[in-house]
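Look through the structure below.

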Amino acid sequence: MQCSYSDAGACRSCTLMGTPYPRQVEAKEQRCRELLGEQPMLQWLPAVRSAESGYRNKAKMVVGGTVRRPTLGILDAGGRGVDLRRCGVCTPGIRAALPVIARSITRAGLEPYDVPTRRGELKNVLVTESPTGELMVRFVLRSRQRVGALRRELPNLQRELPQAVVVTANLLPEHRAVVEGEEEVPLTERTTLPMPMGAVDLDLRPQSFFQTNSPVARALYAQVAEWVDEAAPADVWDLYCGVGGFALHCAAPGRRVTGVEVSAEAVESARSAARAAGLRDVGFLAGDATRFALDAAEAPDLVVVNPPRRGIGAELRGWLERSGVRHVVYSSCNPVTLAADLAAMPSLRPVHARVLDMFPQTEHVEVVTLLERSG
Ligand SMILES: C[S@@+](CC[C@H](N)C(=O)[O-])C[C@H]1O[C@@H](n2cnc3c(N)ncnc32)[C@H](O)[C@@H]1O
């Protein structure tokens, strides 16, 4: 893939831009194999490849520039906006939406937030595209002051961009290096974006994590469902479950599945998807994954974990090692913390592993492994 922003040095996010795609995947596989080390029982399945461009279903664009000429992209070292609205790793639907959103910003008179002077209102625009082509568009504002202007602009935005079925204002009053704040003001009647994933329709609300690459996420959920079906557990936990992707794909008659996730919004999404699919034996709890495991009266037969980059940490891996759980499925976006967590659970041996190239053109990679208790 070629990228003019990368060629011009305007954006350095895609560190593998220019490296032939097959070589990127081989290098990621090699790195994962090295990090996990020699494992007598471990079989590596062929890597799941992605489209090398147009794969990102979510764009997190910092807004800079002026009301008349907003930039959507990143900030340079001096805190000024760099426009990346034609970013080629974003889905074509997102690329087509960004100029329309920029026009809306101008019409609504939303002054981009200026980091050096701490003035202005609009900080970021977050756009997610569903595999159906529908969009969730979130405007991250410094205060409530301009929510009215955004509300008045909404009919114009939706006339030009009818795919924008969920539109919100997110409030981030603090001057902090985070993408969004805690308060969400819905502007549309719909607050949920359906995310069909093949076997199951997931739901996405604001303030919830979703896997970055929809086709690769679908392959990941299908792979894990296959391993779980082969293990045939009666009781499954999905820790760090987000909107319930693994839990809902692992549901089966006679199997109880419990998802645990810290984001209440994500838990609500997971519950509504379970209801819509008529899955009665799948439940979700909002809370800390480690606390949930440590407080449980009984361990399940199988645990799926899909933590953030930091991994599952000492307490949860200690509990898993001691628990007697027969199978663990560990899906990780950071093979370094995955390797450290696995090394601390010697009773749970990796038997299958697979690299999924969720993030082409970058060093990042998803790797999923099935662990089986030895003895
Ligand atoms: C990599 S995402 C996985 C999401 C989900 N498995 C999926 O496929 O979409 C990690 C998730 O862990 C959640 N999380 C972070 N810390 C947590 C904690 N201490 N306890 C439970 N969930 C947590 C995040 O909110 C996020 O949804």
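## Contacts of Ala-286

Setting aside neighbours within four places in sequence, Ala-286 is in contact with Glu-261, Ala-264 and Val-267. Keep in mind that this is a predicted model. Ala-286 sits in strand β13, which covers residues 282-286.

Now take Pro-116. In sequence, 170 residues separate Pro-116 from Ala-286. In space, their C-alpha atoms are 38 Å apart.

## Two positive phi angles

Most residues other than glycine have a negative phi. Arg-118 has a positive one, near 55°. Find Arg-118 in the loop between α3 (92-108) and β5 (122-129). Arg-118 is partly exposed, because its relative accessible area of 48% falls between the cut-offs of 20% and 50%.

Ala-232 is not a glycine either, yet its phi is positive, about 50°. The loop that holds Ala-232 runs between α5 (214-231) and β11 (235-239). Ala-232 has a relative accessible area of 54%, so Ala-232 counts as exposed, the cut-off being over 50%.

How many disulfides does a search of the whole structure find? The search finds 0. Cys-14 is in no disulfide: the nearest cysteine sulfur belongs to Cys-87 and is 6.1 Å away. Cys-14 is buried, at 17% relative accessible area.

Cys-32 is in no disulfide either. Its nearest cysteine sulfur is that of Cys-333, 11 Å away. Cys-32 is buried too, with a relative accessible area of 0%.

Notes:
Residues are numbered from 1 along each chain as its sequence is written. This is a predicted model: local features need pLDDT of at least 70, side-chain atom pairs count only at pLDDT 80 or more; totals for chains, interfaces and linings use all residues. Side-chain values use heavy atoms; hydrogens and water are left out. Helices (H or I, at least four residues) and strands (E, at least two) are DSSP runs, numbered from the N terminus. Buried means under 20% relative accessible area, exposed over 50%, partly exposed in between (1.4 Å probe, protein chains only). Contact means heavy atoms within 4.5 Å. A disulfide is a pair of cysteine sulfur atoms within 2.5 Å.
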